[in-house]
Amino acid sequence: QLLYKSNKYIKSPEGKIDLLWVILIIILIIITRFLYLKEHPFLTWGDELWETGLESIAIFRGEIKNLYLVGYPDPYRTPSMGLITPLIPALLVPFFAHTAYMYRIPAALFGAFDILLVYFICRRYINRSVALFSALSLIALPIHIYFSRSELVFTFDIFMTTLIIYLLFLTRQYFLDNRYWLSVMGLVFGFTLTCHPSARIIALVALGITLVLYTTRVFTDKHQTAKFLTWVKYIVLVSVFILIGYGPKILFLSQSKFLHSQGSVILQDVDSAQLARFDPEALQKLQKNIVSFITDRYRLSFLGYIKEPLTNLVQFHYTEEKPLLPPLLAFFFLVGLIGAWHSPSPITRWFALFALIIPLTHSALTPDLNWSYRTFVASSSSAVLIGVGLWQIISRIYVKVYRYILVAVFCLYIFLIITRFFILEPHMFNRPVEEYMTTHLSYFLAEELDPGRFHHLCLRVAPHQLLFL
C-alpha cells in the first residue's frame, strides 16, 4: 500500500517537482561526497586510520576475536571506546583493502544519508522550500564535506543524531500513548550508546527528554490509575530495551572511555585529595562562580556557530580554524533560531532545542572547548535552521523579483563555498609538512611495490611518525 501511494504521488505534478529536486540533491551529493574520494583530502590521519582502518582489517583477518573490544587504538584491546563503526568497513576489506576507499565510501554514504534525511524531514513536516534550502546548506558546509569524505566515525554520529531528533519529534507528536514505541526508543538509545561519545551524549540527552515526556504524560492523565506503578513499568521497559540495544558490550564498559573524557571541566581545578578529605576550601572553590564560569564557556561554545573558530588540540581532524557556519549562512541560522520557536511546524523547535543543547553538552561542559569533531553533530540542526531562516525572510518579501534575487544570491554563495573547499583547500594548509611526506611514503609503499613479493625496507622515520606509519 505504501508503494502504491508513493507511485501515485510521484506521478502527480507535485510529486514530479519533488522528484526533480531529489535528483538534483543526489547529483550534488555525488559531486561533493564521492568524486575524487581517494585524492581529496589527500592526507590520511587520525581516527580514520585507527577505528575504521586498522581495526577493520584486523576484524576481517580474524585477528580480533572479541568484537566487543574493537574501536580504540589500545595494544592490549582493554577497555574499548565502544565504537561499532569498525565493523562496517570490515565488510569492504575484500573489495578495497589497503586503500582509502575502504573507510571513505562508508563515510560518504552516511554523510549522504544525513543530507537526504534532513531533506525528507523538512519536506514532510515543513515545506519544500525549507527542505531544499536546508539540504543545500548541509551539502555546502565545509566541515560536513570534510568528514563525509574522510571519517566514518563522525558521519555515523551525525546521522544518528538527526535520526534521534526525528524520533523524539515522533514521540511527542504521535506515540506518547504507545508503550511499544518506548521499546523502540530504548533500542535506538542502546544502539547509539555503542557509537562515538558525541552520539552517546545525544542519546543520553534524548533519553532524559523521553523520560520527562512519558512521566509528564502519566502523572497528568486524569484517567490513569496507579500512576506510580505505570511510571515504574515505563522505566523498566526502556531500561530493558536499552540493555538489549547496547548488547554484551556493557560487560566491557569503561567509564573513562564511555564519554571519552577525563571528567567535567568544572572539576579540573579542584584537588582530588582535598575533596577526598572534604576540605572546605576545595568545596568552596568548586562552588564559587560556577554559574558565571559555565555561562562564559557556553557563550564561547555557541559563538562557535558564527564567530569563534573550531579548533583541535591535536591535528587529527578538521583543522580549518573557522566557525561552523560561513558568514551568510550564520545570519540565516540566527534568523531561523529565533523564528523556529514561532513556526507552526513543531519539528523546527526540536532542531532549535538541540542547536542550543549541543554547545553545552559537547563543548562548554567538557575540557574540549569548540573542538570540531565534537560540535560537528550540530551541523544538521544548524542546516535546518538556515533553511527556516531563509524561508522566513523570503516569505516576508512581497516583490517576486527580490525573492528571486535573494534565492540566486543564496545559491551562488553555496557554489562559492563548495568551490573554495575543493579549489583552495584551506582545510589542509595548516598541516605540518612532514605529515604530507609520510602520507606520500605510505601511498608509495601501498601502490608502487609489488604486493606479491616480500620486500626488505630500511626506513628512517621520526619517532612521532612511527605510529602513523
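Mentor: Let us begin with a term: helices are DSSP runs of H or I with at least four residues, strands are runs of E with at least two, and both are numbered from the N terminus. The model is predicted, with pLDDT of at least 70 required for local features and 80 or more for side-chain atom pairs, while totals for chains, interfaces and linings use all residues. Residues are numbered from 1 along each chain as its sequence is written, and side-chain values use heavy atoms, leaving out hydrogens and water.

Trainee: How many helices and strands has the chain?

Mentor: The chain contains 23 helices and 0 strands.

Trainee: How is a nonpolar patch read, and which residues form the one on the surface?

Mentor: A patch gathers residues with over 30% relative accessible area and no salt bridge; like charges are joined within 9 Å, and nonpolar side chains (Val, Leu, Ile, Met, Phe, Trp, Tyr) within 5 Å. A salt bridge places a side-chain nitrogen of Lys or Arg within 4 Å of a carboxyl oxygen of Asp or Glu. Accessible areas follow the Shrake-Rupley method with a 1.4 Å probe, and for residues only the protein chains shown count as cover. Here the patch consists of Y9, I10, L19, I23, I26, I27, I30, I31, L35 and Y36, which together have about 890 Å² of accessible area. At least two of its residues come from each of α1 (2–10) and α2 (13–34), and α2 gives the largest share, 6 residues.

Trainee: Why does I30 count as partly exposed?

Mentor: Buried means under 20% relative accessible area, exposed means over 50%, and partly exposed lies in between (1.4 Å probe, protein chains only). I30, a residue of helix α2, counts as partly exposed because its relative accessibility is 40%.

Trainee: Is α7 mostly covered or uncovered?

Mentor: α7 is mostly covered, as 11 of its 13 residues are buried. Among them are F133, L136 and I139. The cover over these buried residues includes α2, α6 (101–125), α8 (142–148), α17 (327–339), α20 (379–395) and α21 (400–424). Contact, in this setting, means heavy atoms within 4.5 Å.

Trainee: Which residues does S382 touch?

Mentor: S382 belongs to helix α20 and is buried, because its relative accessible area is 0%. Leaving aside residues up to four places away in sequence, S382 touches L141, Y305, L324, L325 and F333.

Trainee: What share of the 469 residues of the chain count as buried?

Mentor: For the chain, 49% of the 469 residues count as buried. The chain exposes about 23600 Å², of which carbon and sulfur atoms supply 68%.
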